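Hello,

Here is the structure I promised to pass on to you. Please have it open while you read, as my notes follow below.

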Amino acid sequence: MNRRRFKDLIVQRIMFILCCFVISILFFIVMGLFYKASPILAIHSLRDLLFSSTWHPSKGNFGLGLFIVSTLWVTAIAIVIAIPLSLLTAIYLTEYAPKRMREVLKPLIDLLAGISPVIYGVWGIIAIVPLISDYVMPFFSERLTFFPFLSDNYTGYSALAGGIVLSVMVFPIIISVIHEVLETVPFEIREASLALGATKWETTRRVVLKKARPGIVAAFILGLTRAFGETMAVLMVAGCSLHGFPKSVFDTAYPLPALIANTYGEMMSIPLYDSAVLLAAFILLLMTTLFNMVAWGILLHIERKER
Amino acid sequence: MEAKSHIKVRNLNVYYGSAHILKDITIDIPEKKITAIIGPSGCGKTTLLKCFNRLIDLQDNVMLTGQVFVDDTDIFDNSTEVIQLRKKMGLLFQKPQILPMSIYDNVAYGPRIHGLKNNKKLSEIVQHYLQEVSLWEEVKDRLHDSAARLSVGQQQRLCLARGLANEPEIVLGDEPTYALDPISAEKIEKKFLELRKNYTIVLVTHILRQAKRLADYVVFLYLGNLIEQGPAEEVFSNPRDSKTQSYLSGQFITSA
Ligand SMILES: Nc1ncnc2c1ncn2[C@@H]1O[C@H](COP(=O)(O)OP(=O)(O)OP(=O)(O)O)[C@@H](O)[C@H]1O
Ligand SMILES: [Mg+2]
């Protein structure tokens, strides 16, 4: 009896220590970033750092605005593309696709989730960038000469390319999770709706999606949180130039993760350079956290309403 | 006095893959009567019920032969509108299947999908059918709360109201009192007796006493075969088949 109690206690302690360890890593990362970023905060005003788009480290200009806005652009484009497409795909897969088709498609989609970001980047360069520069951009630049489309960047390397590649990257995981969520909706409530004379689409829209809504929102959060920090693929297709704020989906974008990956380690001679880049990392962390908090807030709100 | 039959089943066979589930079933279900379908577990009662409103279509790998006529139209005919057929029938499940929405929206669901938009009319319908199933007094102050918060007995009455709001001609019940406490069960039974005036009722039940209390007409299935059907008094007091006799006397309840 005593030995069993002892084992129980030991296991409990070990797990507690491991848990503390994991949490302390997070704590030290945040503290470390902040500590390293503080020199620049002491010299430049936060307003300049956040809202200026002039990034000229050798002249002492460290405006991060361009990178922050780029991150928002690319993520927003990814969201706009990924949400409807992944939702509809998951619905088709769960509700409409014949069983055999589902059995083939599901593993394929899971496979897509495991492909390295570099491959997505290469695919973006080979397929998406030319598509934008040859077809999409000329089409829009003639017809829709207003806010999110007006641009003079004809290269195809753009926020749009970054957003598309990003959305395709987070696609599989979102589809996969939504599919699992939809499968948990009991067959009987579908039957109950159909038995009242509802069509399949009415049943899906009014009953299945309603029932699955918290899970679907959670799936989006999971996927889009990944989108925020994704570096490699975006870096390869978004252009990453320092031409001021992107004002159009066709302008080049230079998101925070790309800045960090591109420059960290090669700028030690310039004063405050590393401090500025680590501030960028800190801001990225904050943005991701903020996004998560808002998203989980929405989720909790939905869940509370449904109960 | 011979009643008109509302549902006619003619030589119906159902197969799941290679399993022969319903074997050459021929039944006449009389109009505006309660027909009880009895038989041991797994004999195909639910399957038969799901043929009537073609929910059976949802199953993979199912094959049907034979015919079912509702109001003299062949429901498996290609020209038959499944939606119209299903609208004609309200279905109650073993466990109440609440739609994930408010009490009000549950009852209004049927009328809404069939095109009713007028909010005043919808409210009248909701109130009327909730009164019809004696649920109105219990829920009138929280119509817009989630229906999932109701007790199981209330949920089953809500499901009945939801079905009736669709203005069906037929009410199908698949052991509708299965999950209910005796008092809730009694409420449902009483409701069925009242509904008999205006609706044709088909009731699957495991409870022989319930069948005796409610049924006008009895169908006994055993291992996918139709063993016996007839007016309730006859079947219960004077069963012709020996299998019916032993089932009614409580033997071979477990069957493979
Ligand atoms: N989707 C399915 N695929 C294969 N076999 C099935 C399927 N649904 C039901 N069956 C089989 O069909 C037979 C009849 O099932 P059914 O549900 O109609 O029985 P039941 O009489 O309603 O039983 P119970 O009284 O337990 O509800 C059973 O042997 C069951 O295993
Ligand atoms: Mg059954």
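Why does Val118(A) count as partly exposed? Its relative accessibility is 37%, and because buried means under 20% and exposed over 50%, that value falls in between. Please keep in mind that this is a predicted model.

**A nonpolar patch on chain A**

Val118(A) sits in helix α5 of chain A. Together with Leu112(A), Ile115(A), Ile119(A), Val122(A), Ile125(A), Ile126(A) and Met232(A), Val118(A) makes a nonpolar surface patch of about 630 Å². Helix α5, which runs over residues 117–143 of chain A, gives the most to this patch, with 5 residues.

**Where the two chains meet**

The contact involves 21 residues of chain A and 26 residues of chain B. About 2000 Å² of area is buried between chain A and chain B, and carbon and sulfur atoms give 62% of that. Between chain A and chain B there are also 5 residue pairs in polar contact, both residues at pLDDT 80 or more. The salt bridge count between these chains is 1: the side chains of Glu191(A) and Lys50(B) meet at 3.0 Å, N to O. On the side of chain A that touches chain B, the elements giving two or more residues are α7 (187–195) and α8 (200–229). Of the elements there, α7(A) gives the most, with 8 residues.

**Salt bridges**

Over all chains, the count comes to 18 salt bridges.

- Arg10(B) pairs with Asp28(B), with the closest N and O atoms 3.0 Å apart. This pair links distant parts of the chain, from strand β1 (residues 5–16) to strand β2 (residues 19–30) of chain B, 18 residues apart. Arg10(B) is partly exposed at 24% relative accessibility, and Asp28(B) is partly exposed with a relative accessible area of 25%.
- Glu186(B) forms a salt bridge with Lys190(B), the closest N and O atoms being 3.0 Å apart. Both residues lie in helix α7 (residues 182–195) of chain B, 4 residues apart, about one turn of the helix. Glu186(B) counts as partly exposed, at 44% relative accessibility.
- Glu189(B) bridges to Arg213(B), and here the closest N and O atoms are 2.8 Å apart. Glu189(B) is in helix α7 of chain B and Arg213(B) in helix α8 (residues 208–214) of chain B, 24 residues apart, so that the pair links distant parts of the chain. At 10% relative accessibility, Glu189(B) counts as buried.

Back in chain A, Lys106(A), Asp110(A) and Glu180(A) are joined into one network by salt bridges that share partners.

Best wishes

How values were computed: Residues are numbered from 1 along each chain as its sequence is written. Chains are lettered from A and ligands numbered from 1 in the order in which they are written. This is a predicted model: local features need pLDDT of at least 70, side-chain atom pairs count only at pLDDT 80 or more; totals for chains, interfaces and linings use all residues. Side-chain values use heavy atoms; hydrogens and water are left out. Patches are made of residues with over 30% relative accessible area and no salt bridge: like charges are joined within 9 Å, nonpolar side chains (Val, Leu, Ile, Met, Phe, Trp, Tyr) within 5 Å. Accessible areas come from the Shrake-Rupley method with a 1.4 Å probe; for residues, only the protein chains shown count as cover. A salt bridge is a side-chain nitrogen of Lys or Arg within 4 Å of a carboxyl oxygen of Asp or Glu. Buried means under 20% relative accessible area, exposed over 50%, partly exposed in between (1.4 Å probe, protein chains only). Contact means heavy atoms within 4.5 Å. Buried area is the accessible area (1.4 Å probe) that two parts lose on being put together, summed over both. A polar contact is a pair of N or O atoms within 3.5 Å; within protein, one must be able to donate a hydrogen and the other to accept it, and residues adjacent in sequence count only if both atoms are side-chain atoms.
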